[in-house]
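Try each task yourself before you read on.

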Amino acid sequence: MEVFYLILGFVLIVFFSNVLVDAASSLALKLKIPKMLIALTVVAFGTCAPELAISFQSVASQNGEIAFANVIGSCIVNVFLIIGLASFIKPIKVKHVTIKKELPILLIVTTGFSILMLDSLFNPLAANTFSRADGFILLLLFSLFVLYLVQMLFKKTTTQEEVKANILL
């Protein structure tokens, strides 16, 4: 029975992920927002919701290692497996602007996470833990990222309005 539930869960995930991607693409077109921005917000939040639930449940039941492994495993799967398979099937075109803006963010996130994780690197007597201070730093970085996305959205909207206004003149 467990195998049936596993297969059913996989089928439902695939089905609803298609619904999410279609809805996000439609939203981007209707609001005239770049698809990359929608992917960084709506799709990213939607796809990380199960991971968030698993992580909260594991921390609540004193299994923080599961939350940590969930994050690391998800990053590895997203970067290597998903991008690898997708580009193997069909090459993915990445705009220069995307590389210029989003790649540094990925590097900052990865570096910051690594530094916060490696307490023993800076103090050999310390255990490698994520403290409340580390959590605050991570949440602060996340907030800055969300603010960056909102700023991009308003900048894009303002630019579109300026273009329309110039056409009308």
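**Exercise 1.** Find which residues leucine 40 touches, not counting residues up to four places away in sequence.

*Solution.* In this predicted model, set aside the residues up to four places away, and leucine 40 is then found to touch Glu102, Phe145 and Leu149. Next, look for leucine 40 in the largest nonpolar core, which has ten residues, among them Leu40 and Leu149. Helix 1, helix 2 (35-60) and helix 6 (132-168) are the elements that give two or more residues to this core, and helix 2 gives the most, with four residues.

**Exercise 2.** Decide whether serine 55 is buried or exposed, and list its contacts beyond four places in sequence.

*Solution.* Begin by locating serine 55, which lies in helix 2. Its relative accessible area is 14%, and because buried means under 20%, serine 55 counts as buried. Finally, leaving aside neighbours within four places in sequence, serine 55 is in contact with Ala67 and Asn70.

**Exercise 3.** Classify phenylalanine 16 by its relative accessible area, and find the surface patch to which Phe16 belongs.

*Solution.* Start from the position of phenylalanine 16, which is in helix 1 (residues 2-31).

Notes. Residues numbered from 1 in each chain as written. Predicted model: local features only at pLDDT ≥ 70, side-chain atom pairs only at ≥ 80, totals over all residues. Heavy atoms only, no water. Patch = residues over 30% accessible without salt bridge, like charges linked within 9 Å, V, L, I, M, F, W, Y side chains within 5 Å. Areas by Shrake-Rupley, 256 points an atom, 1.4 Å probe, with all protein chains shown as cover. Salt bridge = Lys/Arg side-chain N within 4 Å of Asp/Glu carboxyl O. Buried < 20%, exposed > 50% of the residue type's maximum accessible area, 1.4 Å probe, protein only. Core = buried A, V, L, I, M, F, W, Y, C linked by side-chain atoms within 4.5 Å. Contact = heavy atoms within 4.5 Å.
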